[in-house]
Amino acid sequence: MAASIKSRLGLIVRLANSVLKPPQSYLLGPQRLHTGCPRWAPIIPPNKGSDNAASVQDEGGAEVLSPYKDRPWDYLTSEEYIERYGAMPVWTSYRRNHKGGIPPQKTRKTCIRGDKICGNPCPICRDRNIVIHHQNVKLLQQFISPQSGIVYDPTRTGVCMKQQKKLTEAISTARNHGLLLFHIPFVEFSGEDYSNSHDAVGLTASLQPPASPYYSWYGEIIPDEAEVAKVKKTYKAYLKR
């Protein structure tokens, strides 16, 4: 009898410990992160006077500058970038959180509004080391189709509209500076486009007044009497008498 009571008490103690202490997998904080996920930089809103999330503030309130703020193109050749993204573009593994099975037909306007950050920011807003600049050619090439030279739609890359506008302006500036190639489609011209047999591009007529007009469409045009009568009848009230 005493043994059964002792076993029951031990069972109650074990159940109480399991209820009061949650399992390790449900703890919040860094312990919940999976080892297979990339280690993203902390998403902290930049100061209002900073450039494109190049400076952030740590937990103590001190300003932390990105080491690639002055030369953002060096980040794409660093070991930190290769460890996070490898050889894939920065937007390849990005998936936006949305409700339902159908994704949104357009991206959000911006990911950072003052001191508030939306959940799951876009591929550019989530990494403070990525800075859009017209000299950052390797980053801009990731958002351009190599076959047609057209800038990818933000619904494909997941970039917010604010960063998409900066990307478009940086790509246009880089092309004007000769840093990016222009994709001009090949057009095969026919011989008719360069012929000089047409009257409008033929030899100049002589100065003597010809018996007929220079061009066939310069002759006198006689309107149709039936059409003229129809127009006069329609606008009879507005014609001068």
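**Salt bridges and their surroundings**

Modeller: The chain has six helices and four strands, where helices are DSSP runs of H or I with at least four residues, strands are runs of E with at least two, and both are numbered from the N terminus. Reading from the N terminus, the order is α-β-β-α-β-β-α-α-α-α. Keep in mind that this is a predicted model, so local features need pLDDT of at least 70 and side-chain atom pairs count only at pLDDT 80 or more, while totals for chains, interfaces and linings use all residues. Residues are numbered from 1 along each chain as its sequence is written, and side-chain values use heavy atoms, with hydrogens and water left out.

On to your salt bridges. One counts when a side-chain nitrogen of Lys or Arg is within 4 Å of a carboxyl oxygen of Asp or Glu, and searching the whole structure turns up three. One of them pairs Asp74 with Arg71, with 2.7 Å between the closest N and O atoms. Asp74 has a relative accessible area of 28% and is partly exposed; Arg71, at 46%, is partly exposed too. For these labels, buried means under 20% relative accessible area, exposed means over 50%, and partly exposed is in between (1.4 Å probe, protein chains only).

Now look at Arg84. Its side chain meets that of Glu80 in a salt bridge, at 3.0 Å from N to O. Both residues lie in helix α2, four residues apart, about one turn of the helix. Arg84 is buried because its relative accessible area is 17%, whereas Glu80 comes out as partly exposed at 29%. Arg84 also forms a salt bridge with Asp127, and here the closest N and O atoms are 3.1 Å apart. That pair ties together distant parts of the chain, with Arg84 in helix α2 and Asp127 in the loop between β4 and α3, 43 residues apart. Asp127 counts as buried because its relative accessibility is 0%. Through shared partners, the salt bridges make one network of Glu80, Arg84 and Asp127.

While you're in the loop between β4 (116–117) and α3 (137–141), have a look at Asn120, which lies there as well. Asn120 isn't a glycine, yet its phi is positive, about 55 degrees. Most residues other than glycine have a negative phi. With 23% relative accessibility, Asn120 is partly exposed.

The largest one has 27 residues, and Val90, Ile124 and Phe143 have the most contacts inside it. Two or more residues come from each of α2 (79–85), α3 and α5 (161–176). The biggest giver is α5, with four residues. With contact meaning heavy atoms within 4.5 Å, and leaving out neighbours within four places in sequence, Val90 is in contact with residues including Tyr81, Tyr85, Arg126, Leu139 and Phe143. In soluble globular proteins, nonpolar side chains tend to be buried together.

What about the cysteines? A disulfide here is a pair of cysteine sulfur atoms within 2.5 Å, and by that rule there are zero. The sulfur of Cys111 is 3.7 Å from its closest cysteine sulfur, in Cys122, so the two are too far apart for a bond. Cys160 isn't in a disulfide either, with the sulfur of Cys122 the nearest cysteine sulfur at 3.8 Å. Cys111 is buried at 2% relative accessibility, and Cys160 is buried at 1%.

Cys160 is also one of the residues that Thr107 touches, along with Arg96 and Pro154 among others, not counting residues up to four places away in sequence. Thr107 sits in the loop between α2 and β3 (112–113) and is buried at 12% relative accessibility. You'll find Pro154 in helix α4 (residues 154–157), buried at 11% relative accessibility.

How values were computed:
A nonpolar core is a set of buried Ala, Val, Leu, Ile, Met, Phe, Trp, Tyr and Cys residues joined through side-chain atoms within 4.5 Å.
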